[in-house]
Amino acid sequence: MTPEADHRGRPGPSTGDAGAPQVTVDGVAVTARTGQTVAGLLVSAGRTSWRSTRGGGRPRGLFCGIGVCFDCLVEVNGVPDVRACQRLVADGDDIRTAPRPRPAAPGGPAGDGTRTGEA
Amino acid sequence: MARLIAVVGAGPAGMAAALAAADAGAEVVLVDAAPRVGGQYHRQPPPGLADQHAGPGFARLEAELAGHPRVRHLAETVVWALEPRPGGHRLHLRTGPADSPHRTARVLDPAALVLATGAHDRALPFPGWDLPGVVTAGAAQALAKGQRVAVGRRVLLAGTGPFLFPVAQSLIEVGAHLVGVLEANRVGATAAGWLARPAALLAGRAKLPELAGYLGLLARHRIAYRTGHAVLAAHGTDRVEAVTTARLTRDWRVVPGSARRIAVDAVCVGFGFTPQLELAVAAGCDLDATGTCVRVDIAQATSTPGVFAAGELTGVGGADLAAAEGRVAGASAARHLGLAVPVPRAALRQVRAGRGFAAALAGAYPVRPGWRSWLTEDTLVCRCEEVSYGALCQAVRQRAALGGRVLRLTSRVGLGPCQGRICGRNAAELAEALLCRADQRPPLTPAASARRPIAAPIRLGELATTPTEPSEHGFASTDPTDRSEA
Amino acid sequence: MAAHPDVVVVGAGVVGAACAEALTAAGLRVTVLDRGAPASGTTAAGEGNVLVSDKEPGPELVLAQHSLRRWRVLLPALREELGPELAEVEWDAKGGLVVATTAAGAGSLTAFAAAQRQAGVRAEQLAPDRVGELEPLLTPGITAAVHYPEDAQLHPVLAATTLLAAVRARGGAVRAGVAALGLRRAAGGAVSAVVTSAGDLPTAAVVNACGPWAGAFATAAGAPITVLPRRGVVLVTGPLPPGTVRHKVYDADYVGAVASGDADLQTSAVVESTRAGTVLVGSSRQRVGFDDTIRVAVLRELARKAVALFPVLADVPVQRAYGGFRPYAPDHLPVIGPDPRVAGLWHVTGHEGAGIGLAAATGQLLAELLTGAEPHVDPTPFRVDRPAVLTGAEVRA
């Protein structure tokens, strides 16, 4: 078998973790463990929620834990909507939690022109 | 690639299918989202903790796959679309860190396909179920086994079915204080379900020592295992701080006066499983009478020629049954390619026995309709779009929103990022219960609700540049360093 | 049932619902049948367009202008009649913004808009450097832009279910899961009943509002017409911050695709946001019969063109894709009127991708024709006995 993955993260927590990924969470430097997911990192640090819903501003964190529910979304390296329970931390990752909904586009009258239809 | 078989999902069923097909002479691509094979069941065991599931058997399997010259494992790879092509199907893959916009694209035209995409926990809504700290049993187990983290310090586990036991074990192993395990079905109801199928009970006798072991474990840790009980509500502001539990009738209505409040910082819930059907539905596979599982014949063949299914996709019956189904499916897929394959008699026998056990399980641990009485007007049914039970009722009653699609579009239930994976079954059952007149019920099409042509997340920019044809070797890739199949 | 319906409408999509609403408003007893759930076919796959911007001067534009006015009168009236909740259809006069990205495209868009102005459409030419005021995140490579403030949008399933609620409120019936299988005819040849999966339903008038399936019902009714399905697919993104996309924004080549009868795949960028914050990305047109497979090649083209218009969308996750079938007649005009062969049979179909917008005037016109009132729009261009609809119907059916 030829196992293939296109990034550096190797699975399996290891003791003594020489290559432990250094990441930042909301700008704060954190040492993660090899094989850790972003959700694993956040829960280990005592976080239970790291996002709010668009409608009611309800707090959200881990729910299904296997990539199905999309509750645990974070921003990684500037890219939003990353499932924390699926994403392995990699050295240098800039992880941003989103306690509030993202702001509107510049000059955007909130709520205008955003109605209607299928989705 | 005349001899290429794609196996989607590398849990017990997919691993077994890949080996069986490769042993029969086929070239196998084994695709899975995780970095290592094993699936949810054989989730990579943390070192230093003996794990009875991912024991020597798993290590041997993993080594066998790794050493097999005809198995290529695509780790961290999702199948985000499956479309028909003349004589088969075309898979569209992305390999790389989950949800990254910089993943490698591949297109695969296998000659046969084995779907072993598994299932996820079913969660039933109840007041407060969307508070942080309320997670599925599977989430708690994945955190414990894969990340070696306990989801909380004082944890309550609730739901139905024997799959709660290994979750309890995992939680104990990572040091959580388990304040109780609540089984919603009552002992009498459970026993009746088992007794209705004595043959299956016999077939499942291998499970009895395992069950006894779990009960012993709970007893040693002085953890109460209460049948006929459930979590009725979770309380807290920014996270769960307490729950109300209650005793249930046989139909899961609350026994008056039985409510108790318990302080917890995490609740894990699991009410059976929902198979991940999107690829099977995209391949046009018929579902079974329940509309939740893929229908297969004795050879694990689906209704679509060249497409085979194994494991929880075809009905939940545990890892042993899944692996046996995988062996049969792998052999059948190889035979579909014209390879001479001996009849996998032992595996067929195991499947037959295992299916009986699975049916007995389903009979013993059903989800009973009384759960609907736990909801209040403002209980969210759809977590993504924050659709309350009250809003759902209004859509059904006022708009006569009858079909699944119309219900989704009028109430917005299931229209969010999870696309109804969590709430779809629950919303359908709630809506159906609200429709009393038979002529208000248009024919239900269960496959329609599992129809998700975008089977896994992909970004618009990735889609804009995705290859649509495979290379001459059966692979297309956007990665210039990607080696073509030899 | 106490009394037989005066009219049976077959098909509970937005067009059938609008016909039934107008007929009940005229005092007729109406029963609406649908083989599935109401509003679950083409209506559920629509984006809710109420547009004048994509129509060249001609009878369809006239119908669209009347329909826009009619929706604006009908919706407040329904709000009065049914109450605000049940009459909520998420009407949004967001306006359309049509852009060109090439020099050639700029010329034809400018000429097209000039002709529309002649026909009474508000089409405001914008200097390319002022487009950013309307859509800050649009690509800077715009060569021409026209703003259509009259363009609106509504939620098609809410609209259809609101219209059906009005039908029920006026004593009409809506029966889901009842398939119309054919007609019974009296001795003189006129319609006497609809044969349904739930038995015969006596009536003297039947409206075939089966959308892309209208040809099949017409054949079953013994009066074939040529109405064909044209496949369309829409991509839906995950929720985005408000203000990302503010109008219905589309590339000028959309108009060419709408008017074309080519069987080959045509795509053009049509981008707009929804109340939920998601962005809808269309549009594709393809003649593939009723094959409902969603093709990656089509999705790729939609994605490519949308990202070209709004580069900010590249990192946005696609939440889902869905498809539907637009009903069209070979001459791309709606079919509204009596069947020349079977007395009592009416056809109302062929609105292609504009059924939501055209429904209000269509329902009104059908009711006027059926009751013998003076039609508010010239019905001649839409008549059933025109060659495109009748010729070759037997061959194609």
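The legends below accompany close-up views of a predicted model.

**View 1. Helix 9 of chain C, a bent and largely enclosed helix.** Helix 9 of chain C covers residues 355-371, and its 17 residues should span 24 Å at 1.5 Å a residue, which agrees with the 22 Å that separates its end C-alpha atoms. The helix bends by about 35° at A361(C). Because 13 of its 17 residues are buried, helix 9 of chain C is largely enclosed by the rest of the structure. Just after the helix, G372(C) takes a positive phi of about 80°.

**View 2. Helix 5 of chain C, mostly covered along its residues.** Twelve of the 14 residues are buried, among them P156(C), L158(C), T161(C), L164(C) and V167(C). An α-helix has 3.6 residues a turn, so residues three or four places apart point the same way. Just after helix 5 of chain C, the backbone of G171(C) takes a positive phi of about 95°.

View 3. A search of the whole structure finds nine aromatic pairs over all chains. In the pair of F63(A) and W129(B), the ring centres lie 5.7 Å apart and the planes stand at 85°, so the arrangement is edge-to-face, the angle being over 60 degrees. F63(A) counts as buried because its relative accessibility is 0%, and W129(B) counts as buried at 1%.

**View 4. A stacked aromatic pair within chain C, formed by W213(C) and F290(C).** The two rings are 5.5 Å apart from centre to centre, with 10° between their planes. The pair links distant parts of the chain, 77 residues apart: W213(C) belongs to the loop between strand 12 (205-208) and helix 6 (214-220) of chain C, whereas F290(C) belongs to the loop between strand 16 (279-285) and helix 8 (296-309) of chain C. W213(C) is partly exposed, with a relative accessible area of 27%, and F290(C) is also partly exposed, with a relative accessible area of 40%.

**View 5. Arginine side chains over aromatic rings in chain C.** The charged end of R230(C) sits over the ring of Y328(C), at 6.0 Å from the ring centre. R231(C) lies over the face of F325(C), with a distance of 4.9 Å to the centre of that ring.

**View 6. An aromatic cluster in chain B.** Three residues, F165(B), Y214(B) and Y225(B), form one aromatic cluster.

**View 7. Chain A, with one helix and seven strands.** From the N terminus on, the elements of chain A follow the order β-β-α-β-β-β-β-β. Of its 119 residues, 55% count as buried. Among the contacts in chain A with a separation of 6 or more, 40% are accounted for by residues 24 or more positions apart. The accessible surface of chain A comes to about 4800 Å², and 51% of that surface belongs to carbon and sulfur atoms.

Note on methods. Residues numbered from 1 in each chain as written. Chains lettered and ligands numbered in written order. Predicted model: local features only at pLDDT ≥ 70, side-chain atom pairs only at ≥ 80, totals over all residues. Heavy atoms only, no water. Helix = DSSP H or I, 4+ residues; strand = E, 2+ residues; numbered from the N terminus. Expected span 1.5 Å × (residues − 1). Bend = angle between axes of the 7 residues up to and from the residue. Buried < 20%, exposed > 50% of the residue type's maximum accessible area, 1.4 Å probe, protein only. Phe/Tyr/Trp six-rings, centres within 6.5 Å; stacked < 30°, edge-to-face > 60°. Lys NZ or Arg CZ within 6 Å of the ring centre and 35° of its normal. Contact = heavy atoms within 4.5 Å. Areas by Shrake-Rupley, 256 points an atom, 1.4 Å probe, with all protein chains shown as cover.
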